[in-house]
Amino acid sequence: MTRVLILNGPNLNLLGTRQPEVYGTTTLSDIETMCREHAPVAEITFVQSNHEGALIDAIHAAKTAQDGIILNAGAYTHTSVALHDAIASVELPCVEVHLSNIHAREPFRHHSYIAPVAVGQIAGFGAQSYLLALDALLAHVKGSK
Ligand code: DQA
């Protein structure tokens, strides 16, 4: 079984009620259920934190426990060199994911510190982005074995 950490950053615990016109009405718990149903072949660990250090700790812990990471770093995507370094350090394949199309939004969202250390980025498909990211990561891990 491929082991996947799906890691969610700040404010994503508010999905469902947070700016539904941007992020939709699906909750993070709904997304977790969708991911588990979509990829029963994967062993999924689903985590959310509003704290940068906790996200970094989760990435470090993944090094020996996971085969890959799906990361929605929320606003830390656009600010965090520390998350960039953490992903680079653990040498696990990482797929960057966003519900919204960050490239079609405010200019400050166009730059991602995660993108240079990710296998690829999926953005703009709402909750579906997570399922596309899972497909992409599982295919990538399978292809590299
Ligand atoms: C987000 C996009 C980020 O710009 C924003 O700060 C978020 C959510 C997304 O999933 O669309 O918190 O990562």
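**Figure 1. A look into the largest nonpolar core, which has 25 residues.** In this predicted model, V4, I6, I31, C35, I70, Y130 and L134 are the members of the core that touch the most other members. Two or more residues each come from β1, α2, β2, β4 and α5, and α5 makes the largest contribution, with seven residues. In soluble globular proteins, nonpolar side chains tend to be buried together.

**Figure 2. Zooming in on C35 and its contacts.** Leaving aside residues up to four places away in sequence, C35 touches I6, I44 and F46, and also Y130, L131 and L134. Apart from the core of the previous figure lies another one, made of 19 residues, including L7, I56, A62 and Y76.

**Figure 3. The buried residues of helix α2.** Helix α2 spans residues 28–38, and L28, I31 and C35 are buried in it. These three residues sit on the same side of α2, because the arc they cover around the axis is only 55°. What do the buried residues of α2 pack against? Their partners are strand β1 (2–8), strand β2 (42–48) and helix α5 (128–143).

Figure 4. From R18, a polar side-chain atom lies 3.0 Å from an oxygen atom of the ligand. In the side chain of H78, an N or O atom is 2.7 Å from a ligand oxygen atom. L99 takes part through its backbone instead, with an N or O atom 2.8 Å from an oxygen atom of the ligand. On its own, the ligand has 320 Å² of accessible area, and the protein covers 99% of this.

**Figure 5. N11, a residue other than glycine with a positive phi.** The phi of N11 is near 75°. Look for N11 in the loop between β1 and α1 (20–23). Is N11 buried, partly exposed or exposed? With a relative accessible area of 36%, N11 is partly exposed.

**Figure 6. E91, which has a positive phi although it is not a glycine.** Here phi is about 55°. E91 belongs to the loop that lies between α4 (81–90) and β4 (94–98). The relative accessible area of E91 is 66%, so this residue counts as exposed, the cut-off for that class being over 50%.

Conventions
Residues numbered from 1 in each chain as written. Predicted model: local features only at pLDDT ≥ 70, side-chain atom pairs only at ≥ 80, totals over all residues. Heavy atoms only, no water. Buried < 20%, exposed > 50% of the residue type's maximum accessible area, 1.4 Å probe, protein only. Helix = DSSP H or I, 4+ residues; strand = E, 2+ residues; numbered from the N terminus. Arc of directions from axis to C-beta. Contact = heavy atoms within 4.5 Å. Polar contact = N/O pair within 3.5 Å; in protein donor to acceptor, adjacent residues only side chain to side chain. Areas by Shrake-Rupley, 256 points an atom, 1.4 Å probe, with all protein chains shown as cover. Core = buried A, V, L, I, M, F, W, Y, C linked by side-chain atoms within 4.5 Å.
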